[in-house]
Amino acid sequence: MLVGLAGNEYSLSPGDERDFPQNEAIRLIDAGYALPIAKKETERAVAQPTVERRTKKGKPDVVSAEGNDATD
């Protein structure tokens, strides 16, 4: 909107955006009250598939209850 405008269902200030029916939008643009805006494309984030990576695990260090290595 270039100017303030109020109606039964809205109250707009300069700089506000609102969707109007096509006939009403054309009338407001022709009267110099509004400017047309291009619809903004909404970007959507797309999750990249993750690659599962598995590694070989060696034997864990095993300690007995007495605190000595199990390999003794």
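Predicted model: local features only at pLDDT ≥ 70, side-chain atom pairs only at ≥ 80, totals over all residues.
**Exercise 1. State which elements the protein has, and in what order.**

Solution. Start with the count: 1 helix and 2 strands. Then read from the N terminus: the order is β-β-α. Take contacts with a separation of 6 or more; residues 24 or more positions apart account for 19% of them.

**Exercise 2. Find the largest nonpolar core and follow one of its members.**

Solution. The core has 5 residues: Met1, Leu12, Phe20, Leu28 and Ala34. Pick Leu28. Set aside its neighbours within four places in sequence. Leu28 then contacts Leu5, Phe20, Tyr33 and Ala34. In soluble globular proteins, nonpolar side chains tend to be buried together.

**Exercise 3. Classify the aromatic pair and place its rings.**

Solution. The whole structure holds 1 aromatic pair. Its rings belong to Tyr10 and Phe20, with centres 5.4 Å apart and planes at 90°. Planes over 60 degrees apart count as edge-to-face, so this pair is edge-to-face. Now place the partners. Tyr10 sits in the loop between E1 and strand E2 (11-12). Phe20 sits in the loop between E2 and helix H1 (22-30). The pair therefore ties together parts 10 residues apart in sequence. Last, check accessibility. Buried means under 20% relative accessible area. Phe20, at 16%, counts as buried. Tyr10, at 21%, counts as partly exposed.

**Exercise 4. Locate the salt bridge and describe its partners.**

Solution. The structure holds 1 salt bridge. Arg27 forms it with Glu24, and their closest N and O atoms are 2.8 Å apart. Both residues are in helix H1. They are 3 residues apart, so about one helical turn separates them. Arg27 is partly exposed, at 46% relative accessibility. Glu24 is partly exposed too, with a relative accessible area of 24%.

**Exercise 5. Which residues form a nonpolar patch on the surface?**

Solution. The patch consists of Leu2, Val3, Tyr33 and Leu35. Together they have about 360 Å² of accessible area. Take Leu2 as a test case. Leu2 lies in the segment before strand E1 (5-6). A patch residue needs over 30% relative accessible area. Leu2 has 44%, which makes it partly exposed.

Note on methods. Residues numbered from 1 in each chain as written. Heavy atoms only, no water. Core = buried A, V, L, I, M, F, W, Y, C linked by side-chain atoms within 4.5 Å. Buried < 20%, exposed > 50% of the residue type's maximum accessible area, 1.4 Å probe, protein only. Contact = heavy atoms within 4.5 Å. Patch = residues over 30% accessible without salt bridge, like charges linked within 9 Å, V, L, I, M, F, W, Y side chains within 5 Å. Areas by Shrake-Rupley, 256 points an atom, 1.4 Å probe, with all protein chains shown as cover. Salt bridge = Lys/Arg side-chain N within 4 Å of Asp/Glu carboxyl O. Helix = DSSP H or I, 4+ residues; strand = E, 2+ residues; numbered from the N terminus. Phe/Tyr/Trp six-rings, centres within 6.5 Å; stacked < 30°, edge-to-face > 60°.
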